[in-house]
Amino acid sequence: MIERIHLSIIREVDRRGSLTAAADVLCLTQSALSHAVKKLEVGLGTPVWTREGRSLRLTQAGHALLALAERVLPQLEHAEGQMLAYARGERGSLRIGMECHPCYQWLLKVVEPYLAAWPEVDVDVKQRFQFGGLKALLGYEIDLLVTPDPLFKPGLRFVPVFDFEQVLVVHSGHPLARRAHAAPRDLSDEVLITYPVDIERLDIYNQFFVPAGCAPRERKAIETTDIMLQMVASGRGVAALPRWLVEEYAGRMPVAPVRLGEAGVFKQIFLGTREVDAGTTYLDAFVEIARHAEL
């Protein structure tokens, strides 16, 4: 019985002081406005205002409707603004899955300017998807996947955002620190510190040890990059990490990067999204900022 237009009319008449001014604001003819109010009064069985000369005075019922209009209309207008922002891709929630342990430090450099540029978008990082992100992306549990190993499947797209070199990390006093590169056999008596993932997912095995038919003396799994580098800095083993990350830490702890093999081991980081989300402005903006982030 009570429609939004009725509440809008009551509010604008109260604000503007006349039917004519209210009709102009609402883009209605005065006749249409009067007809809408008359129909409301008939339905309610009570008038909403009375005339006093050229002025209108709200009845008790009219005041009740005005109070309702002042509560409800701002909420509806706010909701409409939100929906418009969603439609334009200016508002939403961006859930990021990490399938790259050392990329977390890089991600922080992307998230900071992104949050400043997109204040209406909430960002959440799902680290529990570090090594199972593809299923999470297909299952709509995350919206974007950071991975060095894209798996191109129908419905998904992967965009390369930066290249990096995977290097050996050693204590700055280690004999290999003075070498131009390390050979697989040089690590046969070393403790290799890695992230806790299957060996077949580790590039240092796939592209360095396995082709040479070699392996380190021992492998030790550690979850966090900081602790991994602390272990290397204390001379308890060696590790394989992106060069940019090692050089960043080398300024504050005694570690050094060494090329893996004469040719080196090079990788790319990709951002994976669903094709159905193409054109979502805030999602595309994150990819663009990531492509230009400085390491």
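**Note on selected residues and strands of a predicted model**

1. Cysteine 27 is exposed, its relative accessible area being 70% (exposed is over 50%, buried under 20% and partly exposed in between, with a 1.4 Å probe and protein chains only). The residue sits in the loop that links helix H2 (19–25) and helix H3 (30–44); helices (H or I, at least four residues) and strands (E, at least two) are DSSP runs, numbered from the N terminus. Its phi is positive, about 60°, although cysteine 27 is not a glycine. Most residues other than glycine have a negative phi.

2. On the basis of the note: this is a predicted model, in which local features need pLDDT of at least 70 and side-chain atom pairs count only at pLDDT 80 or more, while totals for chains, interfaces and linings use all residues. Residues are numbered from 1 along each chain as its sequence is written, and side-chain values use heavy atoms, with hydrogens and water left out.

3. A positive phi, near 65°, is also found at tyrosine 140, a residue other than glycine. Tyrosine 140 belongs to the loop between helix H6 (133–138) and E5. Its relative accessible area is 48%, so tyrosine 140 is classed as partly exposed.

4. Threonine 147 lies in strand E5 (residues 144–147). With a relative accessible area of 0%, threonine 147 is buried. Leaving aside residues up to four places away in sequence, threonine 147 touches Glu99, Phe158, Gln268, Ile269 and Phe270 (contact means heavy atoms within 4.5 Å). A polar atom of the threonine 147 side chain lies 3.0 Å from the backbone nitrogen of aspartate 149.

5. Strand E11 (residues 255–260) runs antiparallel to strand E6 (residues 156–171), and 5 bridges join them; two strands pair if DSSP finds at least two bridges between them. Valine 167 stands opposite arginine 259 of E11. E11 is also joined to strand E7 (residues 181–182), in parallel, by 2 bridges. Here histidine 181 has arginine 259 in E11 as its bridge partner.

6. Methionine 1 lies in the segment before helix H1 (4–16) and is exposed, with a relative accessible area of 67%. Together with Ile2 and Leu44, Met1 forms a nonpolar surface patch with about 290 Å² of accessible area. Accessible areas come from the Shrake-Rupley method with a 1.4 Å probe, and for residues only the protein chains shown count as cover. Patches are made of residues with over 30% relative accessible area and no salt bridge, like charges being joined within 9 Å and nonpolar side chains (Val, Leu, Ile, Met, Phe, Trp, Tyr) within 5 Å. A salt bridge is a side-chain nitrogen of Lys or Arg within 4 Å of a carboxyl oxygen of Asp or Glu.

Methods. Polar contact = N/O pair within 3.5 Å; in protein donor to acceptor, adjacent residues only side chain to side chain.
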